[in-house]
Amino acid sequence: MAKYDFSGWATRNDLQCADGRIIRKNAFKQQDGETVSLVWNHQHNSQDNVLGHALLENRDDGVYAYCTFNDTESGQTAKKLVQHGDVVSLSIAANQLKQMGKDVVHGIIREVSLVLAGANPGAYIDTVMNHGVAVEDELIINYNENIMLYHSDDETDPKDKKPDDKGESKDKKPDDKPSEDETVGEVFDRICKKLDEKEQNVVLAMVGMALGENGEPEDNNDNSKGGNEDMKHNVFDNKGETQDNVLSHAAQSEILKLAKSSNVGSLKLAMKIYSEEHGLQHADISGFVQTGNGNITTMFPEYVEAHPSRTPELITNDMGWVDAIMAKTQKIPHGRVRTSHVDIRNIDALAAKGYQKGKEKKITGNYSLVRRTTDPQTVYVTSELHRDDVVDIEDFDYVQFQYSIDQISLKETLAVATMLGDDRLESDPEKIFPDKIRPIWTDDELYTIHKDVDFAAMAKELQGANTEQYFGESFIYAEAMVTALRKARKDFRGTGKPDLFITTDMHNTMILARDRNGRRIYETDTELAAALGVANIYEVTQFEGKVRTDADGVKHKLHAICVNMADYGYGASKGGDVTHFTDFDIKFNQLQSLLETRKSGQLTRIKSAIVIEEKEETKKPSESVSG
């Protein structure tokens, strides 16, 4: 009769290990009846760590091990620890693993180990045999599990008893009736019990081929899509293949425990320390385990995208002003646009005249006809996506993501050209020409009023000669801007109430202005807009640092543009609106995208925009007062 010092579960099915893996039923079925080494804590740096051997038995609930200690000093020491109940956990080391996601469906157990804390919550020692000692009672150690003791004169082989974790006989047939709260794994196991070994192999192989490395369906029609090649064949067919992926339950628990210790405190440092102490594998500081032949396998769970959509967050300029332009601009259903204006402001020459009988009637004075035409220009954004990238990126829709970027680029480019113009060189073939999309900032004085703000004059007006401590620079700038804009409104001929597009620096300066008591002059943008006589205020970062040189060579620094965008028209013929074209280049395996529009742009009313600028040679208010 075979004698065993103790027996217990080496691993249990359907329980999550500390490393996140779940060992499924019959993962190690082919090793039923095999004998493997029994070692201490998966240590291999000394022969003293070999404690004996373990006979494996595959069961419905996992792998059961009947263990025998050798006669070495370390083996007998471990025997006493087990008999005394000081060590109660078992662990396995396995390789040639086949996984479906985190489910281990096949592997080879290389060793069974006594450990202080096992990774599989179901791995424990449940049977201890005290040879030559008459112990009849049951002993309870850890996990509140029943421990059955066997004696050297027992007539029954302990393998025949097959105690389970509830102390029941394994001869009892399982209940095949389905339960309402069955998990997917339980349903699969119940169905597999009704199949013979060959049928089970076929089912598992088909599941393996249908699922990728992460448990996602494979696209069998797309050869460019990557996947786990280990899952593309029968998971029980291991002829001629070798793998170096090593699963050691206790090892990863030990690393986590080491990382939590006060003298380490770092997972990366714990991995490095463990890899130096154990020659089996190298722990890379990137969070992966690198095996001897350079293969890298994930040791810890994958990172999860913080955004629910899993799409990268776009970092863009403030698009509020762009959206306002696109929404409010007049849409003209023709690409070639002409604007005509008659100047009748010379009221003296055009005034009606009184008539006296017998007198000759005089001809009313002439008036000026102003006419301007604008032709359209094509503006486009194009991009190329390698199909390999489109297929490999599975977290989000890469094509739609790139299309949204192209849309933002097109709108922002048009908005900047509308306000400021395109600063590319005249010789650049990609330049948006100012006679096609006419910029408001540099438009003719007939359409755009250019007003210089004089901060030094405002400082002198507010503070006089000896009271520079009365008002701060922010208050002076705010009052100067309000005064300049209000005075320019005298010649303004735009429709409705305009919006103010302003630099971020000037906006902050005005909103932070304080009086002599330290109180804010404008508590909100609504109060500031009311003082300026505008409907809305939009910050435009693209205005920063823009300088215009007039016909006399004088430079003017831009601060703000006041305009109602309903007075600016985009002209586009039928088919000239924004259109999206896609194509595929077979030779280079690229998806090509073209987003384009063909339109003209111009102010449609005279004197409909006000530009607030500052002559660059103007001194600061503090310099003017102190000088």
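What share of the contacts in the protein with a separation of 6 or more comes from residues 24 or more positions apart? The share is 70%, where contact means heavy atoms within 4.5 Å. This is a predicted model, in which local features need pLDDT of at least 70 and side-chain atom pairs count only at pLDDT 80 or more, while totals for chains, interfaces and linings use all residues. Residues are numbered from 1 along each chain as its sequence is written, and side-chain values use heavy atoms, with hydrogens and water left out.

**Overall make-up**

- The protein has 15 helices and 27 strands; these are DSSP runs numbered from the N terminus, with helices (H or I) of at least four residues and strands (E) of at least two.
- Of its 627 residues, 42% count as buried (buried is under 20% relative accessible area, exposed over 50%, and partly exposed in between, with a 1.4 Å probe and protein chains only).

**Asn-58**

- Strand S4, residues 50-59, contains Asn-58.
- Asn-58 counts as buried because its relative accessibility is 19%.
- Its side chain makes a polar contact with the side chain of Asn-26 at 3.0 Å (a polar contact is a pair of N or O atoms within 3.5 Å; within protein, one must be able to donate a hydrogen and the other to accept it, and residues adjacent in sequence count only if both atoms are side-chain atoms).
- Apart from neighbours within four places in sequence, Asn-58 is in contact with Asn-26, Phe-28, Lys-29, Asp-32 and Val-63.

**Ser-404**

- Ser-404 lies in helix H10, which covers residues 398-419.
- With a relative accessible area of 22%, Ser-404 is partly exposed.
- The side chain of Ser-404 reaches the backbone oxygen of Phe-401 at 2.6 Å.
- Leu-314 is 90 residues from Ser-404 along the chain, and their C-alpha atoms are separated by 9.8 Å.

**Helices H13 and H14**

- Helix H13 (residues 504-511) packs against helix H14 (residues 525-532) at an angle of about 100°, with the axes 10 Å apart; axes are lines fitted to C-alpha atoms, for helices over the stretch in contact, and angles run from 0 to 180 degrees between N-to-C directions.
- H13 and H14 are therefore roughly perpendicular to each other (65 to 115 degrees).
- His-507, Met-510 and Ile-511 of H13 meet Asp-525, Leu-528 and Leu-532 of H14 in this contact.

**Cysteines**

- The count of disulfides is zero, a disulfide being a pair of cysteine sulfur atoms within 2.5 Å.
- Cys-67 is buried, at a relative accessible area of 0%.
- Cys-562 also counts as buried, at 0% relative accessibility.

Definitions and conventions. Angles under 35 degrees count as roughly parallel, over 145 as roughly antiparallel, 65 to 115 as roughly perpendicular and the rest as oblique.
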